[in-house]
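Hi,

Here is the structure I promised to pass on. Have a look at it first, and then read my notes below.

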Amino acid sequence: MVDMATVAGTTGPIHGRRLPPMEQRWPERRRPGRRWPGRRWPGRRGTHPGRGPATAAVLAAALALSLAAGCTSGSGPADDDRGTDRPPSGTGTSAAPHGQVLVVKIDNAPAARPQTGLEAADIVYVEQVEGGLSRLMAVYATRLPKTVGPVRSARESDLELLRQFDRPALAFSGAQGRLLPLIDKEPLEAVTPEGAEEAYYRGTDKASPHNLYLRPGRVLPAAPGEAALTTGFRHGPAPEGGTPVASRTVRYPSARFTFTWSGERRRWEVTTDGTPTVTADGRRLAPATVVVQYVNVRRSRYHDSLGNHTPYTETVGSGTAVVLRDGRSHDVRWQRPRAADGTTFTTRDGEPVAFAEGQVWVVLAQAS
């Protein structure tokens, strides 16, 4: 069970370019185009001329080995009851319609750090996964970084959380086999390495599976803008009152996050598992607002290859939360009546709570 938080201290797709030497191309898997509502996605290119049966057999074997190596888990939790990430059947796009937010599932195992592109996200959700570890979900609307990752797999509770957006583009490496039919039915565009191979590559600085990266510019033609953030979050002056606080720590069974107020930066500097959380170029991650949202985290019907059940984080309903902004802590209430609704935060008196301008981290923690 997750512990209560404790206070410490009072342009469009680009094709045909040669990849830079540091990148390793994700092996291509061909599939015909799929008809999405109101548009037709182009089919994949045909096979190269002159490849005989022997060459095809070698390529098929290489592809199988690459997928197996790239999708099994290492120091993070296993992603499937068979120990692999599988792409959803019938999903995957080479580009997503303009106007959608881009949502990326990001690895947070120690071997995956430091991550790339997190600093550009408008919202970062923190969720518990198997073994009491953590994973991140980054939402991009106002700007798109050049690269995001490492990308990892989706979970069942992600689908409920994503319903608050208008058909988001969800980038992820795969999912448990029994979850795939649910993903296929969701109002989202799945952006997987199989369906959008031009958008992914394998880096060389980390071991697989912690080295799969996404190029957002090959998924969205442009950042959709702040209006695409239909979460119900508000920006504006801080609520009255609150308690001055130097830092706050949120604990999962096998992970912890500490947010420390920096008066100089006017931001909350992030520490993960006791180590400063930095970007790929060494800059300390520091959101303007941190929300510790207390929710029900229960066992789902899925489990990994080690028998660890996947937690299901319920984000529809109501409960309590703590909002950290401007060096103060505010006890608030949250409410989300339906999955299609955003989440509203109010004071004890029912007044809406506004967040500071800038990045927001939402840590989904077990309610007591």
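This is a predicted model: local features need pLDDT of at least 70, side-chain atom pairs count only at pLDDT 80 or more; totals for chains, interfaces and linings use all residues.

Residues are numbered from 1 along each chain as its sequence is written, and side-chain values use heavy atoms, with hydrogens and water left out.

The chain has three helices and 22 strands (DSSP runs, numbered from the N terminus: H or I of at least four residues for helices, E of at least two for strands). Of its 368 residues, 53% are buried (under 20% relative accessible area; exposed is over 50% and partly exposed is in between, with a 1.4 Å probe and protein chains only).

Now Arg-256, which sits in strand S14, residues 255-262. Arg-256 counts as partly exposed because its relative accessibility is 33%. Beyond its neighbours within four places in sequence, Arg-256 has contacts (heavy atoms within 4.5 Å) that include Thr-249, Arg-251 and Asp-273. Gly-132 is 124 residues away from Arg-256 in sequence, yet their C-alpha atoms are 9.9 Å apart.

Arg-215 is in the loop between strands S11 (212-214) and S12 (243-244). Arg-215 counts as buried because its relative accessibility is 9%. Its side chain reaches the backbone oxygen of Glu-198 at 3.3 Å.

Cheers

Definitions and conventions:
A polar contact is a pair of N or O atoms within 3.5 Å; within protein, one must be able to donate a hydrogen and the other to accept it, and residues adjacent in sequence count only if both atoms are side-chain atoms.
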